[in-house]
Amino acid sequence: MAFSSFFENLALSLCAETLNRMQKKTITVPFEELSYSELSPADAALVETAREATERSYAPYSHFRVGAAILLDNGEVVPGSNQENVAYPSGTCAERSACFYAHARYPEAKFKKIAVAARGTDGEFVAAPVAPCGACRQSLLEYEMLAGAPVEVLLVGRDSVYRLPSVASMLPLAFTEF
């Protein structure tokens, strides 16, 4: 009995010590909400390319059409759209479609900025901007790290655009050791 109560007391002591060390922390995501009229001409063009890319989406299952456009440091703009497949998850999201093609086509170019737009199942642009999924955020973060500088993110809604300073700002607890 004494042996078992020793371990029970040890476990209780360790739990109490852990609770005393636990700290609550908060993660915030900095962003600006802009109207279309507040976008620079270059940003407006990138947003329009992402919106146009939704038309090339292949989404017969979800009917949720997403377009992306990546601005490279060589001035090229590379669009992408989601491409679904009946053998889910064999399809790919718009953001990864764009980033993988951009790097395959221009391997020396660095990513500068990405815009993402989406149409809901009704075929209309979504009211509120939609953020990339976790897999896309992690993929984009790798290219941000390759660029050695923040890649600005423009998330496009029907009436406004969210501007985030970097991909990393959307993925604060990311895998960065690779």
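Q: Why are Arg 51 and Glu 48 separated by about one helical turn?
A: This is a predicted model. In it, helix H2 covers residues 41–53, and Arg 51 and Glu 48 are three residues apart in that helix, which means about one helical turn between them.

Q: What makes the contact of Arg 51 with Glu 48 a salt bridge?
A: The closest N and O atoms of the two residues are 3.8 Å apart. The cut-off for a side-chain nitrogen of Arg and a carboxyl oxygen of Glu is within 4 Å, so the pair counts.

Q: Why is Arg 51 called buried?
A: Its relative accessible area is 18%. Buried means under 20%, so Arg 51 qualifies.

Q: What does the pair of Glu 55 and Arg 65 tie together?
A: Glu 55 lies in the loop between H2 and E2, while Arg 65 is in strand E2, so the bridge links parts that are 10 residues apart in sequence. Both partners are partly exposed: Glu 55 at 47%, Arg 65 at 24%.

Q: Which side chain does Arg 119 meet in a salt bridge?
A: That of Glu 55, at 2.7 Å from N to O. Arg 119 lies in strand E4 and Glu 55 in the loop between H2 and E2, so this pair ties together parts 64 residues apart in sequence.

Q: Why does Arg 119 count as buried?
A: Its relative accessible area is 13%. The limit is under 20%, so Arg 119 is on the buried side.

Q: Which residues do salt bridges that share partners join into one network?
A: Glu 32, Asp 43, Lys 113, Glu 152 and Arg 163. By the salt-bridge rule, the count comes to eight bridges.

Q: Where is Arg 96 found, and what does it touch?
A: Arg 96 is in helix H3, residues 94–105. It touches Cys 133, Ala 135, Cys 136 and Ser 139, leaving aside residues up to four places away in sequence.

Q: Which strands does H3 touch where it packs on the sheet?
A: H3 touches strand E2 (65–72), E3 and E4. Its direction makes about 30° with that of E2.

Q: Why is the sheet's pairing called mixed?
A: The open sheet has six strands in the order E1-E6-E5-E4-E2-E3, with mixed pairing. E4 and E5 run parallel, joined by four bridges. E2 and E4 run antiparallel, joined by eight bridges. Both senses therefore occur, and each pair meets the requirement of at least two bridges.

Q: Which residues stand opposite each other in the paired strands?
A: Among them, Ile 114 stands opposite Val 153 in E5. Leu 72 has Phe 111 in E4 as its bridge partner. Ala 69 has Pro 79 in E3.

Q: Why is E2 described as largely enclosed by the rest of the structure?
A: Six of its eight residues are buried, so the description holds.

Q: In which sense do E2 and E3 pair?
A: In the antiparallel sense, over five bridges. In the hairpin of these strands, four residues lie between them, and Gly 75 takes a positive phi near 90°.

Q: What makes Pro 172 partly exposed?
A: Its relative accessible area is 45%. Pro 172 sits in the segment after strand E6 (160–164).

Q: How many residues apart along the chain are Pro 172 and Ile 27?
A: They are 145 residues apart, with their C-alpha atoms separated by 7.5 Å.

How values were computed:
Residues are numbered from 1 along each chain as its sequence is written. This is a predicted model: local features need pLDDT of at least 70, side-chain atom pairs count only at pLDDT 80 or more; totals for chains, interfaces and linings use all residues. Side-chain values use heavy atoms; hydrogens and water are left out. Contact means heavy atoms within 4.5 Å. Axes are lines fitted to C-alpha atoms, for helices over the stretch in contact, and angles run from 0 to 180 degrees between N-to-C directions. Buried means under 20% relative accessible area, exposed over 50%, partly exposed in between (1.4 Å probe, protein chains only).
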